[in-house]
Amino acid sequence: MTATDSLSETPADMDYARLRRDMLRFAVLQLRDQAAAEDAVQEALAGALAKGATFGGRSRYKTWVFSILRHKIADTLRERARHPTQQLTPDERDDHPLEYALESQFTERGHWRREARPRDWGDPEEVLASEQFWQLFEACLDHLPEQTARVFMMREFVGLETAEICRELELKRNNCWVILHRARGRLRLCLEENWLRDGEASAC
Amino acid sequence: MLSCKETTQRLSESHDRPLGWRERLAVRVHTLMCRGCRNYDRQLDILDHACHQLRGDALPDEDDDPTDTSGER
């Protein structure tokens, strides 16, 4: 990690093109509108540059800039809820394969099949300190279907309440909970299949 | 008695809404007896922590030691 040697300087090796691309992808997913997403990203980047701060490295800077972006997105969504004007394109149901994958973990009676039974991931602190976990976590997030990812990120990253998410996406509350359940189910399944296969965790 | 499928659904919902006391009791009874669902519950907590860490809402202090890379949130 590069240390900075003056105030209001960002890490010298910050790849802005990549950062902007990541931010835009995240914003488009939440706002479902290219123009609004570009505005949010522009404002967030401008805000970050204006504020400035001393940073120890790229990852903290990126986390901080994303934090600003998330607040912008949340503001935009709440504003949208107050003054609904746009007709946004409705999403197709994209989670049928996902639903099937999750259902097949259980027997007819609804119990875990032996091979699908969740295993012990060990000490949470060790898990969250593992570089491999974080790489997999991001990869698994990327693999979520679009609508599922959208709802999950609104809940867990933008921090919206389910009522706000449902209003924004015009979903019934029960439907939101089902989508969130599938998102979490898919994430943990993806992590368990790909990470624990190396024999790190104990089989239960 | 809840099935594992029903239990996992409620475990997830407990992150999004408060469960009624009957639901909470039923979930607790099930997870006491079912190791799979107990592990599922812990996994959801780990996911929760991971998301919180990625959110990183707290701004770094202005006078943080720039060479300190331990304990990053």
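Let's start with a pair of side chains: A:Glu146 and A:Arg150 meet in a salt bridge, at 2.6 Å from N to O. Keep in mind that this is a predicted model. Both residues sit in helix α7 of chain A, which covers residues 146–156. They are four residues apart there, so about one helical turn separates them.

A:Arg150 has 1%, so it counts as buried. Buried here means under 20%.

Why can such pairs form at all? Side chains of opposite charge can pair when their charged atoms come close.

Next, helix α9 of chain A, residues 173–195. Here A:Arg188 and A:Glu192 form a salt bridge, 2.9 Å from N to O. Again the spacing is four residues, about one turn of the helix. A:Arg188 is at 0% relative accessibility, so it counts as buried. A:Glu192 is at 6%, so it counts as buried too.

A:Lys72 and A:Glu43 meet in a salt bridge at 3.8 Å, N to O. A:Lys72 lies in helix α3 and A:Glu43 in helix α2, so the pair ties together parts that are 29 residues apart in sequence. With 25% relative accessibility, A:Lys72 counts as partly exposed. A:Glu43, at 46%, also counts as partly exposed.

How many salt bridges are there over all chains? The count comes to 16. Some link up: A:Arg18, A:Asp22, A:Arg25 and A:Lys62 form a network of salt bridges.

On to helix α1 of chain A, residues 16–31. Let's check its length. It has 16 residues, and at 1.5 Å a residue it should span 22 Å. The end C-alpha atoms are 22 Å apart, so that agrees. The buried residues of α1 include A:Leu19, A:Met23, A:Phe26 and A:Leu29. A:Asp22, from the network, is also among the buried ones. Just after the helix, A:Arg32 takes a positive phi of about 55°.

A search of the whole structure finds three cavities of 30 Å³ or more. What lines it? The lining residues are A:Leu77, A:Arg78, A:Ala81, A:Leu160, A:Glu164, A:Arg167 and A:Glu168. By class, that is three nonpolar, no polar and four charged residues.

Notes:
Residues are numbered from 1 along each chain as its sequence is written. Chains are lettered from A and ligands numbered from 1 in the order in which they are written. This is a predicted model: local features need pLDDT of at least 70, side-chain atom pairs count only at pLDDT 80 or more; totals for chains, interfaces and linings use all residues. Side-chain values use heavy atoms; hydrogens and water are left out. On a 1 Å grid over the protein atoms alone, a cavity is a set of points where a 1.4 Å probe fits but cannot get out, and a pocket is an open set with protein on both sides within 12 Å along at least five of seven lines; lining residues have an atom within 4 Å of a point. Grid points are joined across faces, edges and corners, and a volume is the space filled by probe spheres set on the points. Ala, Val, Leu, Ile, Met, Phe, Trp, Tyr, Cys and Pro count as nonpolar, Asp, Glu, Lys and Arg as charged, and the others, Gly among them, as polar. Helices (H or I, at least four residues) and strands (E, at least two) are DSSP runs, numbered from the N terminus. The expected span of a helix is 1.5 Å times one less than its number of residues. Buried means under 20% relative accessible area, exposed over 50%, partly exposed in between (1.4 Å probe, protein chains only). A salt bridge is a side-chain nitrogen of Lys or Arg within 4 Å of a carboxyl oxygen of Asp or Glu.
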